[in-house]
Amino acid sequence: MATIEECRTALEKLSDNMRDAEGDVRAATELDRSVSCRITDLDVTFVGRMTGGRIHVHDTVQGAPPEKAQIRLTMAGDDLVALVDGRLHFARAWGSGRVKLEASLPDLFRLRKLL
């Protein structure tokens with residue numbers, strides 16, 4: 001089972017990957033939205049903001065986040081690490097229910113370029 005620190009590192013790596021993206025993928029990262037990433041097996045949520053092509057984690061809270069973020073991810077810690085490392089394909093994980101992504105329809109259309 002991934003630790004909180006391993007999950008935080010995976011989110012930082014995802015943020016770095018977003019910053020280094022080009023073309024259509026880079027355009028998809030240019031959202032300014034609140035973000036949460038709930039890690040179900042650790043019962044923690046990373047809360048932050050996607051802005052300037054990066055994810056900035058501001059807080060880690062126990063359980064569900066205090067406010068509903070505009071972009072919400074939910075998954076196990078091992079799945080987050082595997083997704084960022086490229087060992088787990090997002091579409092398959094999402095289709096099987098291992099990963100949950102919630103956002104407005106326009107945001108989902110933009111985010112699909114990332115995923």
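The predictor's confidence in each residue is given as pLDDT, on a scale from 0 to 100. This is a predicted model, in which local features need pLDDT of at least 70 and side-chain atom pairs count only at pLDDT 80 or more, whereas totals for chains, interfaces and linings use all residues. Residues are numbered from 1 along each chain as its sequence is written, and side-chain values use heavy atoms, with hydrogens and water left out.

**View 1. Confidence along the protein, from helix α2 to strand β1.** The mean pLDDT of the protein is 91, and 96% of its residues reach 70 or more. Among the elements, which are DSSP runs numbered from the N terminus (helices, H or I, of at least four residues; strands, E, of at least two), helix α2 (residues 23-28) has the lowest mean pLDDT, 70, and β1 has the highest, 97.

**View 2. Helix α3 and the elements that its buried residues pack against.** Helix α3 (residues 77-85) is largely enclosed by the rest of the structure, because seven of its nine residues are buried, that is, under 20% relative accessible area with a 1.4 Å probe and protein chains only, where over 50% is exposed and values in between are partly exposed. These buried residues are G77, D79, L80, V81, A82, L83 and V84, and they pack against α1 (4-19), β1 (33-39), β4 (71-75) and α4 (90-95). Just after the helix, G86 takes a positive phi of about 85°.

**View 3. V35 and S36 in strand β1.** V35 counts as buried at 9% relative accessibility, and S36 counts as buried at 4%. Leaving aside neighbours within four places in sequence, and taking contact as heavy atoms within 4.5 Å, V35 touches F46, V47, G48, R49, M50, A69 and I71, while S36 is in contact with T45, F46, P65, A69, I71, R72 and L73. From V35 to D78 there are 43 residues in sequence and 19 Å in space, C-alpha to C-alpha.

**View 4. The hairpin of strands β2 and β3.** Strand β2 (residues 44-51) runs antiparallel to strand β3 (residues 54-62), and eight bridges join them; strands pair if DSSP finds at least two bridges between them. F46 stands opposite T60 in β3. Two residues lie between the strands, and G52 in the turn has a positive phi of about 60°.

**View 5. L105 in helix α5 (residues 105-111).** L105 is exposed, with a relative accessible area of 54%.
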